[in-house]
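Subject: Handover of a structure for your review

Dear colleague,

Please find below the structure that I am handing over to you.

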Amino acid sequence: MSTVAGRAAPRRPLRWTFTDAAAVTRRNLYRYIRVPTLLLFSTIQPVMFVLLFTYVFGGAIQVPGVDHYVDYLMAGILAQTVIFGSTQTGVGLAEDMSRGMIDRFRSLPMARSAVLAGRTLSDTVRNLFVVMLMLVVGTLVGFRFHAGVVPAIGAVALALAFGLAFSWISAFIGLSVRDVESAQAAGFVWVFPLVFASSAFVPVESMPGWLQSFARINPVTVTVNALRALTLGGPITKPLLQSLAWIAAILLVFVPLAVNRYRRAAG
Amino acid sequence: MGDDAIRTEDLRRSFGAIKAVDGVDLAAPAGTVLGLLGPNGAGKTTIVRILTTLLVPDGGSAQVAGYDVVRDAEALRSVIGLAGQYAAVDENLTGRENLELVGRLYHLGRDEARRRADEMLERFELTEAANRTVKTYSGGMRRRLDLGASLIGRPQVLFLDEPTTGLDPRSRFSLWDVIRELVSDGTTLLLTTQYLEEADRLADHIAVIDGGRVIAEGTTDQLKSRVGGDLLAVRVTDRDRTAEAAAAIADLGSGAPQVVAEAGEVSLPVREGASLLAEVVRRLDAAGLEISDLALRRPTLDDVFLALTGHVAEVEADQDSAGTPRQGRGRRPARSGA
């Protein structure tokens, strides 16, 4: 009866973890090449925000110690861009699930982590593209880096890392709600208060007291403050450490949660 | 018994209060085709999902190609292929890219993955469409591509979950040819289907599944003989009196008559068929029942299903009309009448 005896499972090489994730990343990115309108529309919104805040609200928003509002704005735009972009992670996973792709992947001898790693990585690549585009648009309407090249690169890197952390939250949501429309809706609702009740567009000091206490610990606030220091100059250590701590905490909580959801995805 | 490519013992899996798989024993010797036949919701797909490691069973055990589906799940995945109910191919990739992706994930290496992809494209007559995105493919082409993807890794055991559901007859026949060819290569195949004819054509051994259990199994011939001899089928004009007609001729048969009131049809297993025809006509005439059709025929698997479950195989089960429409899943009746 013990037909299994003597069939030891072969060890899988560690490098497959990376090559499998790379294969899935490539597959996800093909989508943007094949459906360019997808990328186009996901960039229109942040571009509108840059223009809207610069020309419509910018004149009415006075930030002490800042000459040009657009300089203040760009750090907020970067954070907002990567967070909005990361909401697509859950949508993509829900889509794969409803189309049977996740079943196919789970029946293959590939690394278990590859689907989630590939998805969050490809969304990070997409975020990089949109962030670069935002910087171009920002530059066209008067934004300048004031702190030098290395901090500028650091700002882009921090924004991407922040987006990656949020991608894992989004992955968890997408795998939990399972269908595409719900993932789309559920992916956005919690993002708005986080982005707007923060220092992204206005100083926290201008908010009512009760909101300030939320806004001050908001991960978006600390990250925007760090991005602002990296783009405009000023004290960097404290906001940067706070932001990195948030990123680490989000990853620590949501990577295992999302992986767990993925394991039972078929349930 | 060590030669069984698929073997399950008392396999169980529930979803909440629903026992989707309720104590299933299956065995398929290497190189054979096992057909799981049953209506929607019978538990066929759940069995396939357990055997392909997508789902962990609640109880019982299952081995595929000698690997335990739970303990050796990881190793098992490299020797199986799965084509599920929906063509799980990426619309935004070309046919070739889809196949190469799957090849890479079987860890074939770049050149080998490319070579296998070309082989599959040729085998499934997709070479011309190879560099088009799958979005432009027809339902039949997607299914063929999906089947190709499931074969990329040269699986020892292949699982096809309703491979022809939603295909037009022509695509279905051509897929049958492909599947028959596959099996002649020595691959063990587990196939689920709602189409009785499909199981009849393709499977060496059939397990009839209903309500999460195996209610009958055997070769096509064995199953047919369960109905016993020939079948005498009578249809009466007045459908409301079908039961009356069944009662009038019941004692002529070798088994109980089966009644399909909606069709006004009674089928009766009989031993010495031809000599009874006149008697049947006499009795129904005496009862004042008008006969619209009378025939003597060999039993089909439809009859087997009816004899085993007491109800017709519900191919057009309600769950689909209520479900969301999916691309390439247009439903069609299996077979009407016999």
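Predicted model: local features only at pLDDT ≥ 70, side-chain atom pairs only at ≥ 80, totals over all residues.

Overall form of chain B

Chain B has 338 residues, and buried residues make up 48% of them. Its secondary structure comes to twelve helices and 14 strands. Taken along the principal axes, the C-alpha atoms of chain B fill a box of roughly 75 × 40 × 40 Å. The domain assignment divides chain B into domain 1, residues 4-223, and domain 2, residues 229-298. The centres of these two domains of chain B, taken over C-alpha atoms, are separated by 40 Å. Of the contacts in chain B between residues at least 6 apart in sequence, 68% join residues at least 24 apart.

The six-stranded sheet

An open sheet of six strands is found in chain B, with the order β6-β7-β8-β3-β9-β10 and mixed pairing. Which strands stand at its edges? They are β6 and β10 (213-218) of chain B; each has a single partner strand, so one side of each is left without a neighbour in the sheet. From one strand to the next, the twist averages 15 degrees.

At the β10(B) end, strand β9 (residues 205-210) of chain B runs antiparallel to β10(B), and five bridges join the two. Within this pair, Ile209(B) has Val214(B) in β10(B) as its bridge partner. Helix α1 (residues 44-51) of chain B lies across β3 (33-37), β7, β8 (188-193) and β9 of chain B, and its direction is at about 150 degrees to β8(B).

Strand β11 (residues 230-236) of chain B is largely enclosed by the rest of the structure, because seven of its seven residues are buried. Both of its faces are covered: Asp230(B), Leu232(B), Val234(B) and Val236(B) are buried on one side, and Leu231(B), Ala233(B) and Arg235(B) on the other.

β11(B) pairs with β13(B) in the antiparallel sense over six bridges, and Asp230(B) stands opposite Val270(B) in β13(B). Six bridges also join β11(B) to strand β14 (residues 291-297) of chain B, again antiparallel. In that pairing, Leu232(B) stands opposite Leu296(B) in β14(B).

Val266(B) belongs to strand β13 (residues 265-270) of chain B. Is Val266(B) buried or exposed? It is buried, because 27 other C-beta atoms lie within 10 Å, and the cut-off for a buried residue is 20 or more. Leaving aside neighbours within four places in sequence, Val266(B) is in contact with Val234(B), Thr242(B), Ala245(B), Ala246(B), Pro257(B) and Val259(B). Thr32(B), by contrast, is 234 residues from Val266(B) in sequence and 36 Å away in space, C-alpha to C-alpha.

Two residues with positive phi

Ala65(B), in the loop between β4 (59-64) and β5 of chain B, has a phi near 50 degrees, a positive value in a residue other than glycine. Ala65(B) is buried, with 21 other C-beta atoms within 10 Å. Glu162(B), in the loop between β7 (157-161) and α6 (169-184) of chain B, has a phi near 45 degrees, likewise positive in a residue other than glycine. Glu162(B) is also buried, with 21 other C-beta atoms within 10 Å.

A helix pair in chain A

Two packed helices are described by the angle between their axes and the distance between the axes. In chain A, the axes of helix α6 (residues 149-177) and helix α7 (residues 180-189) come within 9 Å and cross at roughly 140 degrees. The crossing of α6(A) and α7(A) is right-handed. Ser170(A), Ile173(A), Gly174(A) and Val177(A) in α6(A) meet Ser182(A), Ala183(A), Ala186(A) and Gly187(A) in α7(A). The residues of this contact comprise four nonpolar, four polar and no charged.

The contact between the chains

How many residues does each chain bring to the contact? Chain B brings 31 residues and chain A 24 residues. On the side of chain B that touches chain A, β5 (67-68), α2 (73-76), β6 (80-83) and α3 (95-105) of chain B each supply at least two residues. The largest share, five residues, comes from α3(B). This side of chain B divides into 13 nonpolar, ten polar and eight charged residues.

Yours sincerely

Notes: Residues numbered from 1 in each chain as written. Chains lettered and ligands numbered in written order. Contact = placed C-beta atoms within 7 Å. Helix = DSSP H or I, 4+ residues; strand = E, 2+ residues; numbered from the N terminus. Nonpolar A, V, L, I, M, F, W, Y, C, P; charged D, E, K, R; others polar. Buried ≥ 20, exposed ≤ 12 C-beta atoms within 10 Å, placed from the backbone. Domains from an automatic or database assignment. Pairing = 2+ DSSP bridges. Axes fitted to C-alpha atoms, helices over the stretch in contact; angles between N-to-C directions. Left-handed = near helix turned anticlockwise from the far one by under 90°.
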